[in-house]
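Let's take a walk through this model together, from the whole chain down to a few residues. Have the sequence and the 3D view open side by side.

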Amino acid sequence: TADWRAVPLLNGKDLKLGERYAKDGLAQCDQALAIDGKFAEVLALKGILLGMSITYDPASAMTLGPQSGANIQTALAVAPRNPRVWLLAGITALSRPVQFGGGPEAAEPLLAHSLELFAAGSTATDSLTTAASLDWGRDDAPLWLGRAAMARKDYAAARDRFQAALAVNPENGWVRSALLPEAEKALAGAARP
């Protein structure tokens with residue numbers, strides 16, 4: 001489902017539409033999980049969408065937060081060699097508040113492991129996918145490692161990660177037009193006395 005990519009983009013512009021996409025994504029995840037309850041990538045996607053849904057109802061954090069974490073942990077247990085599951089676990093950790101076990105320090109090992117699995121050519125699949133089917137996330141792993149480095153104010157590492165993402169996918173407009181220029185600007189600013 002592409003909803004997990006659309007929701008954060010909409011949150012700054014149209015919260016109602018973002019909420020609609022989050023609900024749609026969760027419904028699609030539930031449909032897929034009704035077919036195969038151990039579909040790890042969908043479990044992880046549901047986890048990330050549950051976490052994103054807290055934006056629309058902060059009071060739901062006490063229920064949605066643990067549900068999000070449980071989905072991610074189940075996905076990791078079901079498919080420990082799936083780089084996309086580790087990627088989504090890392091993104092979720094980066095988005096989670098530090099006081100609840102999140103933040104860049106929690107996210108980076110998960111994202112780095114995702115990158116290692118991609119580099120090793122892991123083709124871990126779920127029962128509904130094949131190695132020849134959807135293959136996504138290869139540029140997302142360094143991209144999100146760059147975002148974690150930006151959160152830690154390690155602008156040189158962020159720049160390097162964003163450049164690595166562009167090496168994988170030179171057409172990634174978010175990295176090319178926003179993230180890399182932001183890191184380079186921050187790096188230049190940090191270098192000034």
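How many positive and negative side chains does the protein chain have, and how far apart do the centres of the two sets lie? Bear in mind that this is a predicted model. The count is 19 positive against 20 negative, with the two centres 4 Å apart.

Now for the overall build. Along the principal axes, the C-alpha atoms fill a box of roughly 55 × 40 × 30 Å. Of contacts between residues at least 6 apart in sequence, 60% join residues at least 24 apart.

Some 45% of the 193 residues count as buried, while the accessible surface comes to about 9900 Å², 58% of it belonging to carbon and sulfur atoms. The largest nonpolar core has 54 residues, and Trp4, Leu49, Leu88, Ile91, Phe162 and Val175 touch the most other members. Helix H3 (residues 40-53) supplies the largest share of this core, nine residues.

Beyond its neighbours within four places in sequence, Phe162 is in contact with Leu143, Gly146, Arg147, Met150, Val175, Leu179, Leu180 and Ala183.

Finally, look at Ala156, found in helix H8 (residues 155-168). Ala156 counts as partly exposed because its relative accessible area is 29%, between the 20% and 50% cut-offs. From Ala156 to Gln99 is 57 residues in sequence and 27 Å in space, C-alpha to C-alpha.

Notes:
Residues numbered from 1 in each chain as written. Predicted model: local features only at pLDDT ≥ 70, side-chain atom pairs only at ≥ 80, totals over all residues. Heavy atoms only, no water. Core = buried A, V, L, I, M, F, W, Y, C linked by side-chain atoms within 4.5 Å. Buried < 20%, exposed > 50% of the residue type's maximum accessible area, 1.4 Å probe, protein only. Helix = DSSP H or I, 4+ residues; strand = E, 2+ residues; numbered from the N terminus. Contact = heavy atoms within 4.5 Å. Areas by Shrake-Rupley, 256 points an atom, 1.4 Å probe, with all protein chains shown as cover. Lys, Arg positive; Asp, Glu negative; His and termini not counted. Charge placed at Lys NZ, Arg CZ, Asp CG, Glu CD.
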